[in-house]
Amino acid sequence: MAEKGSSSVSSRMAARRKEKVAEKMEEKKGEKSAEDGGKAEVNGTGEAVSSGDAAVTNGAANEAGQDKPEPIELPPFETLTGDRMDPFSFKFQFKNVEYSSGRNKTLLCYLVDKSSGVDGLLRGFMEDEHAGAHAELVFFQLILPQYDPSVNYTVTWYVSSSPCAYCCSKLLEILQERKTLRLNIFSARLLEFEEPDNRAGLKALAAAGCKLRVMKPLDFSYSWDTFVEHEDQRFTPWEDCQENYEYYQEKLADILQ
């Protein structure tokens, strides 16, 4: 608000001059508020309030159930890619236990061999969360987006869990479009294998020529050596690793029969 003229200023001309100066100052303040991203806060009487007073006012309004803050929108999860993963992620996500509580990610280790031999053997890993795009599909967007029908591709995956029904349907489309691509999927666990849609998806993939197998203890050791930043530490199979492999392999055989 503009300050009132002092008692020493008696002429109307001087008072008017002061009012103009005050108006210019208020205009500059308004321009600065606009540059800072919004209008100046006002209180119940229409007077401008300081930022500190505005915070108190907003806090009181929130307590009264008014002007609740908007929920924060988190950015979409991005699939991670790399050459070697950390040992903890491998041991936790690839553990072939029956009840995989907390294992809400898919880790996919890949090998790509092309008959042309131009690019050599591609090797690496991908990691996703089930809330985002699944690694099985992102693989064909990031790692192998281009397809040359004159080249034979052999793609081998070591994955923490088998593809879901949706991924199976999309992979089936890719295999039908890319006739010279051979896909091998070795899974540490079977994802919700009692669900009819998942069972049907795996069976359709196998019928299309995709090789499906449960990871053996030797596969875990190979993946550890090839895709993990193990710092020369040898892989030690966890308890029941062999028994759990046999359990899942029996379930997969039942699905594919």
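Glu173 is partly exposed, with a relative accessible area of 38% (buried means under 20% relative accessible area, exposed over 50%, and partly exposed in between, with a 1.4 Å probe and protein chains only). The model described here is predicted, so local features need pLDDT of at least 70 and side-chain atom pairs count only at pLDDT 80 or more, whereas totals for chains, interfaces and linings use all residues. Residues are numbered from 1 along each chain as its sequence is written, and side-chain values use heavy atoms, with hydrogens and water left out.

Side chains of opposite charge can pair when their charged atoms come close. Three salt bridges are present in the structure, a salt bridge being a side-chain nitrogen of Lys or Arg within 4 Å of a carboxyl oxygen of Asp or Glu. In one of them, the side chain of Glu173 meets that of Lys170, at 3.9 Å from N to O. Glu173 and Lys170 are three residues apart in helix α5 (residues 165–177) and are therefore separated by about one helical turn; helices (H or I, at least four residues) and strands (E, at least two) are DSSP runs, numbered from the N terminus. Lys170 has a relative accessible area of 29% and is partly exposed.

A salt bridge also joins Arg199 and Asp254, with the closest N and O atoms 3.0 Å apart. Because Arg199 lies in helix α6 and Asp254 in helix α8, this pair ties together parts that are 55 residues apart in sequence. Arg199 is partly exposed, at a relative accessible area of 25%, and Asp254 likewise counts as partly exposed, at 37%. The side chains of Asp219 and Arg213 form a further salt bridge (2.6 Å, N to O), and both of these residues, Asp219 and Arg213, are buried.

Helix α8 (residues 241–256) also contains Gln242, which counts as partly exposed at 39% relative accessibility. Between Gln242 and Met215 there are 9.7 Å in space, C-alpha to C-alpha, and the two are 27 residues apart in sequence.

Glu98, Glu192, Glu194, Glu195 and Asp197 form a negative surface patch. Patches are made of residues with over 30% relative accessible area and no salt bridge, like charges being joined within 9 Å and nonpolar side chains (Val, Leu, Ile, Met, Phe, Trp, Tyr) within 5 Å. Lys and Arg count as positive and Asp and Glu as negative, while His and the chain ends are not counted. Glu195 is located in the loop between β5 (181–187) and α6 (196–207) and, at 42% relative accessibility, counts as partly exposed.

Definitions and conventions
Accessible areas come from the Shrake-Rupley method with a 1.4 Å probe; for residues, only the protein chains shown count as cover. The place of a charge is taken as NZ of Lys, CZ of Arg, CG of Asp or CD of Glu.
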